[in-house]
Amino acid sequence: MIFTILRKDLRLYFSDKKGILVTFLLPIIMITLFAFAFGGVGKKKSPPKPLKVLVVDKDATTASQELIAKLNSIKTIQLITSEEEKAVDLVRKGKNIAALIFEKGFSDAVAADTDLPIELKYDAARDFQMRIIHSVLKEGFKYHLGKVDVINNIKLKTTSLIKESSTKAHPGLVQAVGGTAIMMLLFSIAAIGGGLLDEKEAGTLKRLLIAPVKPLYILLAKMGTAMVVSILQLSAMFVFAWLAFGLPIFMDVFSLILLILCISFAVSSFGVFLVSTVKTRQQLQGMSTIIIILMSAIGGSMIPINMMPAFMQKIAIISVNYWGIEGFFDIFWRQLPLIAMLPKMGILLAIGLGMTLVSTVLFKKNIIAIE
Amino acid sequence: MIQVQNLSKSFQNIQAVNDISFTIKKGEIFGLLGPNGAGKSTTLNMMSTILKSDAGTIHIDGKNSRENSKECKHLIGVVPQEISLYEDLSAYQNLLFWGDLYGIPSKILKERIHTTLELIGLLDRKKDLIKTYSGGMKRRINIAAALLHHPKILFMDEPTVGIDPQSRNHIFEVIETLNKQGMTIVYTTHYMEEVERLCDRIAIIDSGKIIAQGTQSQLKELVQTKESIQFEFNFLSESNVDQLRELLPYTVAQNENKLLVETTVQELSKVITTCNELQLSIKDIQLNKVNLEAIFLNLTGKQLRD
């Protein structure tokens, strides 16, 4: 008897293709993503890509140039020559991890065997990579200058370009709140969008179509609902983070509101887009789980984006999560002016607009088609 | 009021509606009778302007429904087959929402909700959530939601499916009241009793085609079958049969103690008197009326509920 019931349950289970995808394919994809992110893949065949470090040679002597060339031969890092102002700006905006500055007098210091005027300016939000760079450079100096740390007291001065302070959030907190809030928002919004399918099954959608209402308005109204809920949910998450963890949400409240609006628009359009691609609730459930988890994984909600390999960081830009999280870093960590954040907000709006346009076409084809 | 001409619609390889034409007069109740899958709902969906036809035209109050869909939507009210209401809203909130979609001013809408709830007998339950209603009550609110904008024509797609006889009667009364007020009603069903009770004219539809249309008496004339009465006697001898055949020339068949007489119910007393004169003891009488079920069977060789 037990075997009969078991056999029936297995038959039903394996007849659900979406269920099988969630059970087998999704974990496989997640394992692959995490393996790449944590660097456990392809070690024997190809070494990991070097971490890019900007280098500014203000000394411009043979000694400094020779050392830069030698340091560049280390496989773990790749030095890119830059000007100081530009390098500092790129690090401050989170586009590079660190800038190594050779101050004037470097060659004299080497000759005189005094403290070396070298400074490593970095983005503390990328602490994990910064530690690797710092360690590698220090070892490089010791090796190539032929000196031993303990005797010659070689110091590599490190300076965080963005100082932590009581008015600023810790990057870990920004990552945790921003990443999680956007991922959970995607799930909520997919559920709201699914309301359209409920209406289709219940027959209320048909009644809406019978009324003198344009089909597009039905879609836009649903998107509007999703957007209101998104704004409320994101706001509630940040207020909670302020109350519970001291996240300074009033630091740049105008930019924060604008960013929440942009994220809400992008996420809401993503919700209606998801719904428009399917015909039943069951299809939506399977598809939204897979897409949201994948998007959150590659977009930086699960693993900080800077811990991922370069190719994954390139893929990340297709996700709403990436632009949202980067936006939160700009506000809470990098403290960029609004004008510097506008491109990211613009991309979120463009993602939203694009998905809304596609949704309107698919909505007519998949949702409102009466049979 | 409505002219449907050469209407066709197919879904992939299935011809759901195949070149049908009919006219509905102002103020009549027009029945669209057919089994499940006959094409009734597809026809109604096209008439409701939410489904485009492959061929043919529909004119509602003189307006082409495809070219003037917005105006037509104001002329018609539609009661869908599904209970198209929000279960977690009250009856009043549902009606307020559906009425609002037609742009009815708030004050007028509230008055109309009151009178409509009164008409369907649910005014005292207006604040209750739909999910607390019985199936019959939900069906009544489903009708009410289609009446708020005062349509000239009401399309009702199997509005009594799955409800108890009492609620069904209540709905019939509402339909009759609306019709008396001048509303044209198009009623689809596969229950021939409903059509017989409500409809002035009927179109019988099967496999996407209209196989007959007209008033009930016109439809009855289409078939050869006549009304008959079957008598069962306690005992019936051969001589009794001969005597009866002499006195009642429309006696057509005899089987053991049963006798089939082709006559109308009006002639029943005359037949009984004859039987009494012959001292025949009647055990049972069965009336075989020529109804729409019989007409459908005669025309298609199928039962309506097949």
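Begin by selecting domain 1 and domain 2 of chain A, which bury about 770 Å² between them, 56% of it on carbon and sulfur atoms; buried area is the accessible area (1.4 Å probe) that two parts lose on being put together, summed over both. This is a predicted model, in which local features need pLDDT of at least 70 and side-chain atom pairs count only at pLDDT 80 or more, while totals for chains, interfaces and linings use all residues. Residues are numbered from 1 along each chain as its sequence is written, chains are lettered from A and ligands numbered from 1 in the order in which they are written, and side-chain values use heavy atoms, with hydrogens and water left out.

Within that selection, colour Lys93(A), Ala125(A) and Phe128(A): they supply 48% of the area that domain 1 buries against domain 2, more than any other three residues. The domains span 51-160 and 171-367, with bounds from an automatic or database domain assignment.

Next, display chain A together with chain B, which bury about 1,700 Å² between them, 64% of it on carbon and sulfur atoms. Select Arg207(A), Ile210(A) and Pro212(A), which supply 44% of the area that chain A buries against chain B, more than any other three residues.

Finally, search this pair of chains for salt bridges: the count is zero, where a salt bridge is a side-chain nitrogen of Lys or Arg within 4 Å of a carboxyl oxygen of Asp or Glu. Then show helix 10 (204-210) of chain A, which gives the largest share of the side of chain A that touches chain B, six residues; helices (H or I, at least four residues) are DSSP runs, numbered from the N terminus.

How values were computed: Helices (H or I, at least four residues) and strands (E, at least two) are DSSP runs, numbered from the N terminus.
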